[in-house]
Amino acid sequence: MNKTLWTKNYTRLIVATIFGCIGGIASNFALSFLVFDETKSTLASAIILAIQFIPGFIVPLILAPCMDRFSRKIFLVGGDVINGILYLVAGIYLMNYPFHYVGYLFFSLFLAMINSADMLAYNSIYPNVIPKGMEEKGYSISALLYPVLQVIMMPIAALLMEWVGISWILLMQGVFSIVAAIIECKVEVNQKLKKDNQKFNISLWWQDIKEVVDYLKKEKGLKRMFSYMAMTNGINTGYSPVLVSFFRMTSGFTSAMYALFSAAEFIGRSIGGVLHYHVKIEKKKQFYFVYGINQIYQIMDMCLLWIPYPWMLINRGVCGFLGINSATTRQSAIQQYIPDHIRARLNAYLDISILFMSSIFTILIGFMGEYLEARVTITLCAIFMFIFYVRTIWMKRSEIKKVYENAGVE
């Protein structure tokens, strides 16, 4: 009998994810327009966006130890139920009362807290529902899912805003979140709980945090992989305002041309994801595969803004193709390698690291963009990442190869 990725548990989780995503994409799109339409202020919109980062630092740190000691499924299902209730209340409120900026500020903060906990639970549960030996296929699907749904739902959300209004979109998201929670209830998760017969308290929470720190001190290869992922995600996030500035201020370029970057990258990611789903890379070759792809990616970034526009689109398409293959291979190896009883805490460490570096590099690269041309700014950052990757990953490859080669070995 041939092994399949699409078991009942995996299928249910993916279906629940689809319900959560299609409503979430539509509601986030609608809410972003609601805030600007009501305030006519980009600063007001930026404050809403900025405040949503705060729970990303706090919630994973507080809840991750709990998710390793108690059922993660409770956090996942509970998060979607609360999310659904919040959106239903928001939709009903907007049908009967005017928009209130301060109230929406608190709504966004609370929603971000729930979403942060929900995402941590999901990322920690996901490896448990993938059948053994199907990890790369499983992560190929997860890497494709959101971009595909985003391309489908964004134009639909725009039409729904015109046809039914924002209130009904929020009600739809509320219903979809609750449907997702109902489906998640039926997912059976084989989680290895951390049990030591101690009553959970602040002291025990601190011990659990310290356990992760001690684990990463021993697992230097994994720690270096986390460092690289935080750095590269941080720098890529920081590129956004510089690219917007380039396309708005450079003669011959437009914001519509910038928007096509997403389409080109989506096509590349889709092709790469489909290919990766059908091709399995040997463990001994995975390190060199990921390392080579990431360095090619940096070279592509170095030359991105120096080449004619059609080649820019090809550049982004190639990066989308390479990026999904690299990320899928790396994520699959990491999640197979780390012990299940500390998975939530390690994922929280990575999430916080990425968010921290994204915050730092958004400011730093934005500052560079004030004094340097956009081409120079992005090229210098890509050169920095190329050198950083050589020093952090290549020069310590013996430590990092262990993660790839021992992934899934018990």
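Here is a quick briefing on the side-chain contacts in this protein.

The model is predicted, with local features needing pLDDT of at least 70, side-chain atom pairs counting only at pLDDT 80 or more, and totals for chains, interfaces and linings using all residues. Residues are numbered from 1 along each chain as its sequence is written, and side-chain values use heavy atoms, with hydrogens and water left out. A search of the whole structure turns up 12 salt bridges, the aromatic pairs come to 21, and the disulfide count is zero.

**Confidence**

- Mean pLDDT (the predictor's confidence in each residue, from 0 to 100) is 84 for the protein, and 93% of its residues reach 70 or more.
- Among the elements, helix α7 (residues 166-185) has the highest mean pLDDT, at 92, while helix α2 (residues 42-51) has the lowest, at 65.
- Helices here are DSSP runs (H or I, at least four residues), as are strands (E, at least two), and the numbering goes from the N terminus.

**Salt bridges**

- A salt bridge here is a side-chain nitrogen of Lys or Arg within 4 Å of a carboxyl oxygen of Asp or Glu.
- R72 and D340 meet through their side chains in one of these, at 3.0 Å from N to O. R72 sits in helix α4 (residues 72-96) and D340 in the loop between α12 (309-337) and α13 (343-371), so this pair ties together parts that are 268 residues apart in sequence.
- For burial, the cut-offs are under 20% relative accessible area for buried, over 50% for exposed, and partly exposed in between (1.4 Å probe, protein chains only). R72 counts as buried at 0%, and D340 is buried as well, with a relative accessible area of 11%.
- R345 pairs up with E211 in a salt bridge, with the closest N and O atoms 2.9 Å apart. That pair links distant parts of the chain, as R345 belongs to helix α13 and E211 to helix α8 (residues 202-218), 134 residues apart.
- R345 is buried, at 3% relative accessible area, whereas E211 is partly exposed, at 24%.
- E399 and R224 form another salt bridge, where the closest N and O atoms are 3.5 Å apart.
- Salt bridges that share partners join D68, R69, R72, D208, E211, D340, R343 and R345 into one network.

**Aromatic rings**

- Rings of Phe, Tyr and Trp (its six-membered ring) pair if their centres lie within 6.5 Å; planes under 30 degrees apart are stacked, over 60 edge-to-face, and the rest tilted.
- F19 and F176 make an edge-to-face pair, 5.6 Å centre to centre with 85° between the planes. F19 is in helix α1 (residues 8-39) and F176 in helix α7, 157 residues apart.
- At 26% relative accessibility, F19 counts as partly exposed.
- F287 and W394 have ring centres 6.2 Å apart and planes at 20°, so this pair is stacked. It links helix α11 (residues 283-303), where F287 lies, to the loop between α14 (374-392) and α15, where W394 lies, 107 residues apart.
- F287 is buried, at 3% relative accessibility, but W394 is partly exposed, at 29%.
- Both F287 and W394 belong to one aromatic cluster, along with Y228, Y288, Y291, Y389 and Y404.

**Charges over rings**

- A charge sits over a ring if NZ of Lys or CZ of Arg is within 6 Å of the ring centre and within 35 degrees of the ring normal.
- R397 lies over the face of W394, at 4.1 Å from the ring centre.
- R375 does likewise over the face of W306, at 5.6 Å from the ring centre.

**Cysteines**

- With a disulfide taken as a pair of cysteine sulfur atoms within 2.5 Å, the structure holds zero of them.
- C319 is in no disulfide, and the nearest cysteine sulfur, that of C303, is 8.2 Å away. C319 counts as buried, at 1% relative accessibility.
- C381 is in no disulfide either, with the nearest cysteine sulfur, again that of C303, 15 Å away. C381 is buried too, at 6% relative accessibility.
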